[in-house]
Amino acid sequence: MDFSVLTDHLPEIAHGFLITLLSWFGGIMLGAILGLLIAIIQLGAGRWVRAGLRVYIEIVRATPFLVQLFLLYYGGPALGLRLSPMAAGLIGLGIYGSVYFAEIFRTGFLSVPRGQIEAAHMLGMSPRTVIRRIQLPQMMVLILPALTNFTIVLGKETPILSIITVPELTFVLTGIGSETFAYVETLLALCVGYYLMAEFCSRLGQRLESRMGRYLGQQSSGISSERNTAGART
Amino acid sequence: MFDLAILQQGLPLLIAGLWNTVWLSALGLILGFMLGVIVCSLRLSGRLALRRLGGAYVSIFRGIPLLIQLLFIYYLLPRIGIEAPAWVAATAGLALCCGAYFAEILRGGFITLPEGQIEASRLLGLNEWQILVRIRMPQALRSTLPALLNEVILLIKASSLISVVGIAELTRSAQNLAASTFMQLQFYMAAAALYCVVNMTLAVLAGRMEKRFEEARA
Amino acid sequence: MTQTSQQQVVLEARGMSKQFGDHRVLEDINLAVKGSEVVCLIGPSGSGKSTLLRCLAFLEAYDDGDVFVEGELLGYDRGANGRRLRSRPARLREVRRDMGMVFQQFNLWPHMSVIDNVMEALVRVRGMKRDEARRLALEVLDKVGLPEKADVWPSRLSGGQQQRVAIARSLAMSPAIMLFDEPTSALDPELVGEVLQVMKQLAEEGMTMVIVTHEMGFAAQAADRVIFLDQGHILEQGVPKQLFRAPRTERLAQFLQNYLQRNEIFRDDGKEGYR
């Protein structure tokens with residue numbers, strides 16, 4: 001094996017890595033914002049809106065991410081939606097992520113005791129203030145393990161963007177591989193790269209959890225550390 | 001734009017693709033499950049080295065994206081002199097990956113069993129093998145069934161990735177049809193609908209089992 | 001609206017009823033609470049007293065009849081055709097702005113320190129400046145006897161202290177009427193006294209209060225009026241002396257009898273707790 005292929009193409013690889021990080025981060029942001037919106041709407045909306053969201057969630061959950069990407073990127077133009085590979089990739093990750101984020105946020109919202117919300121309402125707080133000041137800060141600690149976990153899952157979906165020619169890490173490295181026939185070296189580099197990314201993310205999540213747990217005092221940290229071991233990657 | 005006749009003509013090919021998806025997934029599922037049982041027993045074994053080995057397996061195959069694993073197997077096997085058809089490599093890739101997930105689910109089922117039950121069984125004179133097969137296995141399987149079924153849905157979705165190595169499963173069939181007819185939206189929507197049919201059926205089944213299980217517990 | 005002759009009535013229910021599914025929990029409740037009046041709601045468990053209180057706060061939507069807070073209809077708006085519609089959240093907030101509530105489970109926010117619990121609504125709802133809110137919060141904490149706990153997490157406090165903080169939190173908004181939903185039921189017996197003490201003090205200062213309670217001793221001492229609820233009806237009401245000494249209905253006599261017996265048995269045992 002000759003790993004000089006990697007050093008020879010370092011600038012390209014670095015660029016691909018940057019695109020991977022960008023799409024990962026962008027996908028998380030978009031997915032989390034959409035997911036939070038869905039969860040909030042699910043809390044207060046009427047029956048038909050809730051049913052509609054349910055259908056959206058079930059469809060996105062039941063179809064492979066790759067097919068969703070194809071629909072967006074190749075199917076979009078038929079509806080007048082012409083997207084660059086990167087835009088399709090970001091939106092795809094966002095949509096795919098939104099349903100999982102929505103479920104995570106929904107369980108989070110339900111975990112805050114009803115009475116605390118009633119107390120806030122009786123003190124005159126608006127629903128928005130209640131979400132922002134009472135529910136979100138408390139549930140963040142509880143859902144942090146799930147959020148970290150799904151962030152890693154989403155990161156592992158980003159190589160699929162290479163299939164619609166987004167020039168991210170997998171696209172660049174497999175490209176180099178087929179140019180130079182150094183398949184093994186480039187694929188090994190991919191394995192190590194993605195593994196380290198996931199590992200880094202999981203460590204970061206654990207550190208964040210223990211810090212937030214401390215901040216919230218004993219009661220809540222007990223719950224979160226229990227959750228932590230249940231959701232931890234091994 | 002919307003030509004129903006062409007869609008109708010393409011349908012048999014899509015169904016054939018769906019069939020490939022289903023049986024390749026099933027094969028991956030069976031192999032993956034067996035692998036999962038082995039890895040799980042490694043992880044629960046008394047020997048540290050074996051536990052480490054199992055842990056490393058799970059960590060690697062869950063840590064690396066499936067697409068990379070598939071590409072790796074596809075390109076590596078010929079390099080080390082194994083000339084396997086693409087579908088074999090693909091199925092092996094699916095099985096290796098979902099084996100790691102199955103192992104973790106099963107482990108969860110085993111470690112939540114109360115220790116008292118095992119002790120009681122020992123006192124009653126059952127040997128370790130009997131305890132495993134008669135006492136622990138049935139309970140662990142039953143309690144993890146919903147999670148296992150959920151994993152099957154994930155597996156079917158993941159099997160769309162083997163289109164990359166050229167196997168005409170559902171996604172690939174849709175891709176071929178979309179490219180040759182220029183009806184991209186329609187064929188991808190049709191493929192998505194077929195995935196929905198299969199996976200939602202499984203999801204309903206999983207939901208029902210979970211409910212039944214909870215009722216049995218209550 | 002129609003309240004000109006009863007200006008001093010703070011809270012009023014007229015012909016109010018509530019049902020959960022097929023079960024009618026409250027039936028034709030008529031109740032008017034005047035300024036500075038202390039009303040205790042008593043009754044066996046399942047009699048509907050907590051539901052009544054929650055309907056008076058519109059934490060549960062009542063079905064028929066009306067509830068007025070200082071003359072304003074609570075929870076509903078009159079539509080153009082006489083039909084009534086649920087109020088928008090902003091309107092609901094406005095009607096119950098002068099209403100405070102204290103819950104059985106305290107419902108403090110565990111992610112905020114004691115003082116932040118008290119300040120939160122002052123800042124977010126009243127729009128007060130933080131230092132001004134802090135001054136007021138310390139004042140009410142002082143009133144409930146917990147000025148030194150301002151910067152402590154709620155989870156570090158005893159149940160009695162938590163409930164006093166909850167009272168302070170509600171009090172800080174200077175409500176015209178306070179509702180108490182079994183404020184001492186979740187407390188260990190030795191902690192009940194400190195909470196009742198604070199409530200008595202509030203009553204003496206002229207706070208209008210509606211209290212659902214099992215503490216008959218407190219009701220007898222502090223209430224201006226005791227209301228006995230049974231199976232969703234107001235069965236009897238009056239000044240405590242009359243109600244407790246000479247119950248007019250068999251149900252109330254029996255309820256009081258049970259209560260006395262239960263307490264006597266434990267007094268004989270010499271045990272402190274009754275749980």
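How many residue pairs are in polar contact across the interface of chain B and chain A? The rule finds six, both residues at pLDDT 80 or more. A polar contact is a pair of N or O atoms within 3.5 Å; within protein, one must be able to donate a hydrogen and the other to accept it, and residues adjacent in sequence count only if both atoms are side-chain atoms.

This is a predicted model: local features need pLDDT of at least 70, side-chain atom pairs count only at pLDDT 80 or more, and totals for chains, interfaces and linings use all residues. Residues are numbered from 1 along each chain as its sequence is written, chains are lettered from A and ligands numbered from 1 in the order written, and side-chain values use heavy atoms, without hydrogens and water.

**Stop 1: chains A and B.** Select the contact (heavy atoms within 4.5 Å). Chain B gives 36 residues and chain A gives 35 residues.

H8(B) supplies nine residues, the largest share of the side of chain B that touches chain A.

**Stop 2: chain C.** Show the largest nonpolar core, 169 residues. Such a core is a set of buried (under 20% relative accessible area, 1.4 Å probe, protein chains only) Ala, Val, Leu, Ile, Met, Phe, Trp, Tyr and Cys residues joined through side-chain atoms within 4.5 Å. Ile42(C), Leu141(C) and Phe180(C) are among those with the most contacts inside it.

Centre on Leu141(C). Beyond neighbours within four places in sequence, its contacts include Val114(C), Pro147(C) and Ala168(C).

Note on methods. Helices (H or I, at least four residues) and strands (E, at least two) are DSSP runs, numbered from the N terminus. Buried means under 20% relative accessible area, exposed over 50%, partly exposed in between (1.4 Å probe, protein chains only).
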